[in-house]
Amino acid sequence: MKRILVIDDDPLVRESLHDVLESYGFAALTANNGRTGLQLAAEKQPDLILCDVQMPELDGYAVLQALRAHPTLNTTPFVFLTARSDYSDLRQGMNLGADDYLPKPCGVDELLVVLNNRLQKHDVLQAQSRQQLDSLRSNIALSLPHEFRTPLAGILTSVELLRLVVDGSENATEVIEIADTIQTAAQRLHRLIQNFLLYSKLEVAVRDPAYKLSLTDEMVCEPLYTITTVTATLAAQYQRSADLQVALQNTPIAFSHFDLEKVMTEVLDNAFKFSMPQTPVTVTSEIQADHYHIQVINHGRGMTADQIAHLGGYMQFNRHLYEQQGVGLGLAIAQRLLELREGRLTIESIPNHTTTVSIVLPCAIEPIAALDLDTQP
């Protein structure tokens with residue numbers, strides 16, 4: 001059932017339109033002034049808005065300008081109700097983005113024709129947008145990974161062949177060093193591509209409820225093994241196993257093993273990358289009611305409150321002061337993955353002292369008994 005919002009300060013007009021709309025199968029909403037109409041539109045997200053031009057406090061033009069600037073209402077069909085027929089008034093509304101005009105009073109047939117035409121046109125535009133979004137998603141999910149991965153696979157395979165060819169030769173050490181450099185660069189590029197593709201898919205999911213649903217099928221994992229494995233692996237890569245302190249509890253969570261592995265990898269990679277060797281990196285978890293809480297604490301560069309507030313994809317802070325890898329996608333990806341599963345990520349930081357990343361995940365519906373563990377990978 002299509003929802004129509006009527007904004008008009010004349011109670012007779014509101015009541016008449018309400019009754020007509022309801023009798024012809026629409027869900028009618030009414031507001032007696034522009035300010036209330038804007039609030040109701042933001043709350044109810046109507047499919048079309050009928051709005052008077054001349055109203056006290058906030059006229060129809062101001063309402064239309066506010067709607068066209070609203071992130072979720074800027075394409076909502078908007079039809080003016082007016083007794084004014086001056087051409088300049090009509091042009092002013094059309095220039096602001098009105099879709100049509102209806103005179104007051106208007107016949108039922110004329111009203112229904114305008115409503116149905118505008119709703120059908122809007123449905124067609126939405127269908128086209130969904131088709132374009134599906135096409136973009138397909139290109140990202142199918143075409144780009146293949147195009148990126150094929151040359152990278154060739155590079156990595158060639159490096160391995162190079163190692164075999166030079167084995168035992170006089171210049172083996174020098175060639176192996178070159179091969180190591182190529183391999184490291186290729187692996188960095190591979191991770192960047194994977195993060196770029198994942199971030200793109202997650203951004204599509206935020207704007208496409210159907211696609212979001214396809215990414216959030218019911219999944220359950222037990223986090224202890226995943227977190228322990230990721231922490232040990234990254235600590236070894238950064239040669240900081242002695243700095244790692246881990247104390248974990250375990251219970252099934254409503255989150256996939258692969259997504260948890262990605263979230264923990266990005267959070268821990270930042271913890272090691274932006275703290276100095278011989279300073280502790282602490283990973284703890286506990287069960288609180290129906291949520292699983294993880295904390296990762298490091299003692300390093302930290303972030304200001306403004307930097308935390310502006311955290312997002314492709315954001316790196318103080319790059320002009322520090323040499324660092326990546327493009328700032330890691331924590332943004334972690335945030336998006338958690339949001340898809342009704343989880344959350346928060347950061348508290350004292351610059352040049354301590355940074356605490358807190359992760360909250362929903363427990364599975366039927367958790368097993370928690371296990372209190374204190375491990376040192």
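Thr82 has a bridge partner in strand β5, and that partner is Pro103. The two strands behind this pair, β4 and β5 (residues 100-103), run parallel and are joined by 4 bridges; strands count as paired if DSSP finds at least two bridges between them. Strands themselves are DSSP runs of E with at least two residues, and helices are runs of H or I with at least four residues, all numbered from the N terminus. This is a predicted model, in which local features need pLDDT of at least 70, side-chain atom pairs count only at pLDDT 80 or more, and totals for chains, interfaces and linings use all residues. Residues are numbered from 1 along each chain as its sequence is written, and side-chain values use heavy atoms, with hydrogens and water left out.

Let us stay with β4 for a moment.

Asp52 stands opposite Leu81 in β4. Together, β3, α3 and β4 form a right-handed β-α-β unit: with the strands pointing away from the viewer, the path from the first strand over the helix to the second runs clockwise.

Now for the helix in that unit. In α3 (residues 60-68), the buried residues are Gly60, Tyr61, Val63, Leu64 and Leu67. They cover an arc of only 160° around the axis, which puts them on the same side of α3; the arc is taken from the directions from the helix axis to the C-beta atoms. An α-helix has 3.6 residues a turn, so residues three or four places apart point the same way.

Two more residues are worth a visit. Phe258 lies in helix α9 (residues 257-273) and is exposed, with a relative accessible area of 61%. Thr356, in strand β10 (residues 354-362), counts as buried at 14% relative accessibility.

Terms used
Buried means under 20% relative accessible area, exposed over 50%, partly exposed in between (1.4 Å probe, protein chains only).
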